[in-house]
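Here are a few notes to read alongside the model. I have grouped them by region so that you can follow each one on screen.

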Amino acid sequence: MNEVALWWIGTGNVDPELLAGVRAHVQKIFRLPARLEIPAIRPDEAFDARRKQHSSRLILQWLASNRPRGAARLIGLTDADLFIPVLTFVFGEAQLKGPAAVVSTARLAGAGLPGEAARLPIRLRTEVIHELGHTFGLLHCRSPRCAMARSASLRDVDAKQPDLCETCRALFLENVDEIGEPHEQEEHADPAGR
Ligand SMILES: [Zn+2]
Ligand SMILES: [Zn+2]
């Protein structure tokens, strides 16, 4: 079953409309059934007390091992600030052609500047499409408006549409038949702030 599961695994409260909007968007863009859940468990072991951030790599491992039956892909959505060891932070990370991805709202909400919070829903949709795209085997795209374009900053995120360009869509459609059997476990981090 080619279902996509979305899990809220954040530490704080979340606007249910924000999550419902993301779920509907995933379903529309990938044309796959998507379900939203708030599990009782959290990847507590991913917290790095020294950095006061969560390891996106450990979250991916945790998601992959807790993936519900019937879900070909599982994307975790969190308000925890994510890092990989060599970078200050990441917007998200995904297993290339693998089952798991994660996106954080922590940096997408901006620095509390006026008007920034209003951009969160569209930014979150864009980055969720981006990370799920990696799980479907898509690499970074050179079209700056495509959701698969690399984003190093919020400005880059804002330049993108929350959708795939024609080239990426065609690649996705080629890959989608195989998505029931994720195999590779290579991680693909999305650096930000450099
Ligand atoms: Zn593209
Ligand atoms: Zn990426």
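1. Before the strands, one term: two strands are said to pair if DSSP finds at least two bridges between them. With that in mind, look at Gly92, which stands opposite Val103 in β8. Please remember throughout that this is a predicted model.

2. Now the directions of the side chains. In a regular strand, side chains alternate between the two faces of the sheet. From β8, Ala100, Val102 and Ser104 point one way, while Ala101 and Val103 point the other way. Residues in both sets are buried.

3. Next, the partners of β8. Strand β5, residues 71-78, pairs with β8 in the parallel sense, over 5 bridges. Here Ile75 is the residue standing opposite Ala101. Strand β7, residues 89-95, pairs with β8 in the antiparallel sense, over 3 bridges. On this side, Ala101 has Ala94 as its bridge partner.

4. Arg31 has a phi of about 55° although it is not a glycine. Arg31 sits in the loop between α1 and β2 and counts as exposed because it has 12 C-beta neighbours inside 10 Å. Lys52, also not a glycine, has a phi near 55°. The loop between β3 and β4 holds Lys52, and with 10 other C-beta atoms within 10 Å, Lys52 is exposed.

5. On to the helices. How do the axes of α1 and α3 cross? Helix α1 (residues 16-30) and helix α3 (residues 116-135) have axes that come within 10 Å and cross at roughly 45°. The two helices are therefore oblique to each other, and their crossing is right-handed. From α1, the contact is made by Leu18, Gly21, Val22, His25, Val26, Ile29 and Phe30. From α3, the residues are Pro121, Leu124, Arg125, Val128, Ile129 and Leu132. Sorted by class, this contact has 10 nonpolar, 2 polar and 1 charged residues.

6. Finally, Leu171, which lies in helix α5, residues 166-175. Is Leu171 buried, exposed or partly exposed? Leu171 has 19 other C-beta atoms within 10 Å and so is partly exposed, since a buried residue needs 20 or more. Gly137 is 34 residues away along the chain, yet its C-alpha atom is separated from that of Leu171 by 8.3 Å.

Methods:
Residues are numbered from 1 along each chain as its sequence is written. Chains are lettered from A and ligands numbered from 1 in the order in which they are written. This is a predicted model: local features need pLDDT of at least 70, side-chain atom pairs count only at pLDDT 80 or more; totals for chains, interfaces and linings use all residues. Helices (H or I, at least four residues) and strands (E, at least two) are DSSP runs, numbered from the N terminus. Axes are lines fitted to C-alpha atoms, for helices over the stretch in contact, and angles run from 0 to 180 degrees between N-to-C directions. Angles under 35 degrees count as roughly parallel, over 145 as roughly antiparallel, 65 to 115 as roughly perpendicular and the rest as oblique. A crossing is left-handed if the near helix is turned anticlockwise from the far one by less than a right angle, and right-handed if clockwise. Two residues are in contact if their C-beta atoms, placed from the backbone, lie within 7 Å. Ala, Val, Leu, Ile, Met, Phe, Trp, Tyr, Cys and Pro count as nonpolar, Asp, Glu, Lys and Arg as charged, and the others, Gly among them, as polar.
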